[in-house]
Amino acid sequence: MIPEHLRKAAQAWTDGAVRRATSKSPERSERFETASGRLVDRLYLPDEDQIIKYPDKLGFPGEYPFTRGVQTTMYRGRLWTMRQYAGFSTAEESNERYRYLLQQGSTGVSVAFDLPTQIGLDSDDDRCIGEVGKVGVAIDTLDDMERLFEGIPLDRVSTSMTINAPAAVLLAMYIAAAEKQGVSKDRLAGTIQNDVLKEYIARGTYIFPPPPSLRIVSDIFAYCMQEVPRWNTISISGYHIREAGATAVQEVAFTLADAICYIETALSAGLPIDQFAPRLTFFFAAHTDLLEEVAKFRAARRLYANLMRERFGAQDARSMMLRFHTQTGGVTLTAQQPDNNIVRVTIQALAAVFGGTQSLHTNSKDEALALPTEDAVTVALRTQQIIAYESGVTNTIDPLAGSFFVEKLTDQIEEEARAYIQEIDKMGGVVPAIERGYIQHEIEEAAYVYGRSIDDKRRVIVGVNEFTAEGEPDIDLFEVSEEVRARQIEKLNRVRERRNQAAVDEALRCLQEAAGDAKANLMPPILAAVHAYASIGEICGVLRRAFGEYEERYS
Amino acid sequence: MPKGRILIAKPGLDGHDRGAKYVAHLLRDAGYEVIYTGIRKTPEQIVSAAIQEDVQLIGLSLLSGAHNVLFRRVLALLSENHADDILVFGGGTIPSKDIAQLEAMGVKAVFTPGTSADSILDTVSRLLEKQPSVNLHE
């Protein structure tokens, strides 16, 4: 509630000063909107609820409802993890990039896999023509994984792997590679993305239909609870949903709707909420509308804490904490005047830090054109370091709290995301909502509205539809050679010659048996197959035959 | 009466189809009949869909960097199937140095990030009139 005397004073100001000012010179627009199309008022006023309801709505950092952050001391204690997503060509070349980034002060590794790996295909599969090593590193067998992490101490570095449908296979390879370094699995720290639902919604690297996909996710939860206790078993991702065109509210809503589905799956597999929920993590985008993004992160934390406590009866505070990684918005980068992207990324990175992120990837200026060069990646990392060490925004916790506008936006985003989740609940949850195409359609519509607003210049994108320059200078771009596939196939063949084929056949047979037994956990047989140097295509091939493949329907 | 029939297609393994869907929507709104293949289609599937659906144009969208290989394969298959009257344009994250190569192999236009709706509509309408190849990557 806005106090009555203030409301009256504001009305008088609007009727008097504002009217006089705008009659002399009108405002720049009739309508001011956020990047997500939300109407923004001229001025926001203090709300008494922020004081009266402070304990319920804001609380203290590290305490329910975590609006102000999940750690007690936030960045005064420890800065976020600076984790640059990287990977290309072969394991050897990517290994060099990781070592470079760690030398430059990165504090974690984040692996990008190529599309064949993400879809569970070997590099010699016909469907992989042109794709091997292109958007990430090609991994066929444990041999590649050993090379990928050579000289990187897996007991000291935490690793995030963007892998979804075949997440179990890559996690198994990571565990096996670490064992070869002498690091046991209970000491491993890191994250697998393992979020297949958003693959159906927005990202496209699905393999199996939803029920077996959800079983694999739940098997990973159960296995890691016992065997890899420091591992984050999933990174429930709004990032790709946002990249596909969703608004900030949709990003929060659809991500949490996915989370609800994973939690319900694990609960029905008999896992106790407070045993697996503390290992769930999230991944969001940071776009350029600074204040809306900050509010989004705060709203997501409050909404999740509330869901976990009220809907799922979690009691451990760690189960209620929405811990998240942020990446700056790839779609906001422009191919035109690419230096401008450094500025966009800086604003977006600030939004993530004001929003209380646990780790951050900053995009490089050349990523609207190709994979980033080493120089461009270095500037992106330096951007984080300048925010961390020079800007001063890390000195106090949740510094934008109490901004009349940010608090109002936080309330609005939470409320609207909650309404979306109720809508999805009414459809029977996120899987029916995906199968019906509801979520995809909502995103596509939002993308179209946004795109049209750029086409007709209601929205200005600097260098694209305004302030354009003639004759863009050529910049040096990173290239992945077409020969990578041949080299990768050669390595794969060498492994196939060297390995004990009978052991591979036996491991794959055990996996097939486990796939047919809904009560079996798939992780141990996958780990055994990986140890025998079975390839990702062979392992996923067994599962493809057992589970079938997902076919998207188009309207 | 629709102004023309166009297949928007996603070759390869890349799942990013915001651009493909956007262009499909834009062309539909402009009065074209548009068929979208969905993601992860092989060049064979795309060419067979184009012939079956009797389209005049194919728009290929790709963001994974596999364009040189996959666009070439689509053009070769069209020619093998005596369907090279179907013209091909493309879009995605395509470095400018590759554009000349794609055009030399027969891709009629390449749209890179930031291309305006007007220039896409303009090019499509010119291609349908079988105008000579144009280049809009600026």
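**Group meeting: a two-chain predicted model**

Let me start in chain B. Strand β1, residues 5-9, pairs with strand β3, residues 57-62, both of chain B. The sense is parallel, and the pairing runs over four bridges.

Now the whole sheet. Chain B has five strands in an open sheet, and the order reads β2-β1-β3-β4-β5. The pairing is parallel. As background, strands of a sheet pair through backbone hydrogen bonds, in either a parallel or an antiparallel way. Which strands of chain B stand at the edges? They are β2, residues 33-36, and β5, residues 109-111. Each has a single partner strand, so one side of each has no neighbour in the sheet. On average, neighbouring strands here are turned by 20° against each other, direction ignored.

Over to chain A. Count 24 helices and nine strands. The radius of gyration of chain A is 24 Å, and the globule rule also gives 24 Å for 555 residues, so chain A is as compact as a globular protein of that length. Along the principal axes, the C-alpha atoms of chain A fill a box of roughly 85 × 60 × 50 Å. As for burial, 50% of the 555 residues of chain A count as buried. Next, contacts within chain A. Take those with a separation of 6 or more: 77% of them join residues 24 or more positions apart.

Next, the core. The largest nonpolar core has 195 residues. Which residues have the most contacts inside it? Ile526(A) and Ile58(B) do. Helix α12 of chain A, residues 248-268, gives the most to this core, with 13 residues. Leaving out residues up to four places away in sequence, Ile526(A) touches Ala168(A), Val169(A), Ala172(A), Leu511(A) and Ile539(A).

Last topic, the interface. Here 31 residues of chain A are in contact with 25 residues of chain B. On the chain A side, the elements that give two or more residues are α6 (115-118) and α20 (438-455). Helix α20(A) gives the most, with five residues. What is the make-up of that side by class? The side of chain A that touches chain B has 16 nonpolar, seven polar and eight charged residues.

That's the tour. Questions, please.

Notes: Residues are numbered from 1 along each chain as its sequence is written. Chains are lettered from A and ligands numbered from 1 in the order in which they are written. This is a predicted model: local features need pLDDT of at least 70, side-chain atom pairs count only at pLDDT 80 or more; totals for chains, interfaces and linings use all residues. A nonpolar core is a set of buried Ala, Val, Leu, Ile, Met, Phe, Trp, Tyr and Cys residues joined through C-beta atoms within 7 Å. A residue is buried if 20 or more other C-beta atoms lie within 10 Å of its own, exposed if 12 or fewer, and partly exposed in between; C-beta atoms are placed from the backbone. Two residues are in contact if their C-beta atoms, placed from the backbone, lie within 7 Å. Ala, Val, Leu, Ile, Met, Phe, Trp, Tyr, Cys and Pro count as nonpolar, Asp, Glu, Lys and Arg as charged, and the others, Gly among them, as polar. The radius of gyration is taken over C-alpha atoms; the globule rule is 2.2 Å times the number of residues to the power 0.38. Two strands pair if DSSP finds at least two bridges between them. Axes are lines fitted to C-alpha atoms, for helices over the stretch in contact, and angles run from 0 to 180 degrees between N-to-C directions.
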